[in-house]
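Here is a short report for a reader meeting this structure for the first time. Please look over the sequence and the model before reading on.

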Amino acid sequence: HFFVYSICSTVSIFCVRSQKTMQSRLGALSGRAGWLFAQRFSTTRAASSTGLILLERDKTDPSVAVITLNQPQRLNSLTIPVADELVRIVQTLQSSPDVRAVVLTGAGRAFSAGGDLAWLKQRMVPENSAGNVQTMLDFYQRLLSIRRVPVPVVAAINGPAVGAGLCLAMACDLRLASAEARLGLNFTMLGLHPGMASTHFLPQLVGPQQAAYLLLTSEAITGAEAQQLGLVLRAVPADSVLTESLAVARRIAAG
């Protein structure tokens with residue numbers, strides 16, 4: 001897969017208060033919890049070195065793998081350790097020729113709230129700020145390793161997908177979302193240049209004018225609105241997101 005990194009050369013991490021406000025809203029905006037995955041689907045679980053992300057096989061069709069962002073208490077926020085774990089999982093899938101399709105989802109009530117607040121605060125410390133450009137480029141590169149999975153990846157957006165969290169979903173081949181989930185790219189609201197290839201993926205999915213509007217205003221939309229724009233393939237009830245996503249993945253795997 002081809003992807004482009006987009007990040008301003010003078011990246012600064014600030015306006016944490018604004019992000020904290022947004023994260024506090026996510027709980028109220030989210031759809032039904034992703035815990036339905038554990039209760040409604042039989043899977044075989046592979047060992048994870050950190051537990052930050054789970055890699056499992058669907059028992060109905062073992063050729064379908066399921067990646068689950070596994071920090072529900074933190075709304076599956078993204079950090080360098082999470083990104084490193086994703087790289088390891090992608091490497092595992094690259095050496096698994098029996099895998100024919102993959103589903104990516106989040107545990108708990110969110111898909112991913114984006115960059116972790118505590119980690120962003122650390123980047124604000126003056127002694128840590130000098131290397132921010134390279135730090136963010138490396139961070140985005142690790143997360144975008146999802147593009148290196150050699151089979152189609154379906155994002156099951158079970159709840160809010162914000163900032164880098166939405167970028168991760170856009171990096172997948174297909175997206176299904178909860179109709180009530182909130183999706184948004186909040187970079188400009190935080191005073192940041194839109195990063196993690198958002199300026200590459202979004203115009204491809206919704207067209208240049210809609211992409212410019214969403215990027216410049218940081219406006220959040222629902223899963224239902226995202227379907228109308230073409231950002232997601234299908235918007236479904238919250239408790240059906242994983243069911244529908246697995247059905248799509250199984251159909252791909254059977255092809």
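## The model

This is a predicted model, in which local features need pLDDT of at least 70, side-chain atom pairs count only at pLDDT 80 or more, and totals for chains, interfaces and linings use all residues. Residues are numbered from 1 along each chain as its sequence is written, and side-chain values use heavy atoms, with hydrogens and water left out.

Helices (H or I, at least four residues) and strands (E, at least two) are DSSP runs, numbered from the N terminus.

## Helix packing

Take H3 and H6. Their axes come within 8 Å and cross at roughly 40°. H3 is therefore oblique to H6. Angles under 35 degrees count as roughly parallel, over 145 as roughly antiparallel, 65 to 115 as roughly perpendicular and the rest as oblique. Axes are lines fitted to C-alpha atoms, for helices over the stretch in contact, and angles run from 0 to 180 degrees between N-to-C directions. The H3 and H6 crossing is left-handed. That term applies if the near helix is turned anticlockwise from the far one by less than a right angle; clockwise gives right-handed.

Now take H8 (residues 198-206) and H9 (residues 208-217). They pack at an angle of about 130°, with axes 7 Å apart. H8 is therefore oblique to H9. Their crossing is right-handed.

## Salt bridges

How many salt bridges does the structure hold? There are 6. Each is a side-chain nitrogen of Lys or Arg within 4 Å of a carboxyl oxygen of Asp or Glu. Arg142 is partly exposed at 28% relative accessibility. Asp84 is also partly exposed, at 24%. Buried means under 20% relative accessible area, exposed over 50%, and partly exposed in between (1.4 Å probe, protein chains only).

Asp98 pairs with Arg57, with the closest N and O atoms 2.9 Å apart. This pair links distant parts of the chain, 41 residues apart: Asp98 sits in the loop between H3 and strand E4 (101-106), and Arg57 in strand E2 (residues 53-58). Asp98 is partly exposed at 42%, and Arg57 is partly exposed at 22%.

Glu85 is buried at 3%, while Arg88 is partly exposed at 36%.

## A buried arginine

Arg147 lies in the loop between helix H6 (132-143) and strand E5 (153-157). This residue is buried yet has no salt bridge. Which side chain of opposite charge is nearest to Arg147? That is Asp173, 4.7 Å away. Lys and Arg count as positive and Asp and Glu as negative; His and the chain ends are not counted. A polar atom of the Arg147 side chain lies 3.0 Å from the backbone oxygen of Ala171.

## Two positive phi angles

Most residues other than glycine have a negative phi. Asn76 has a positive phi, near 55°. Asn76 lies in the loop between strand E3 (64-69) and helix H3 (80-94). It is buried, with a relative accessible area of 2%.

Ser218 also has a positive phi, near 60°. Ser218 is in the loop between H9 and strand E9 (221-222). It is buried, with a relative accessible area of 8%.

Definitions and conventions. A polar contact is a pair of N or O atoms within 3.5 Å; within protein, one must be able to donate a hydrogen and the other to accept it, and residues adjacent in sequence count only if both atoms are side-chain atoms.
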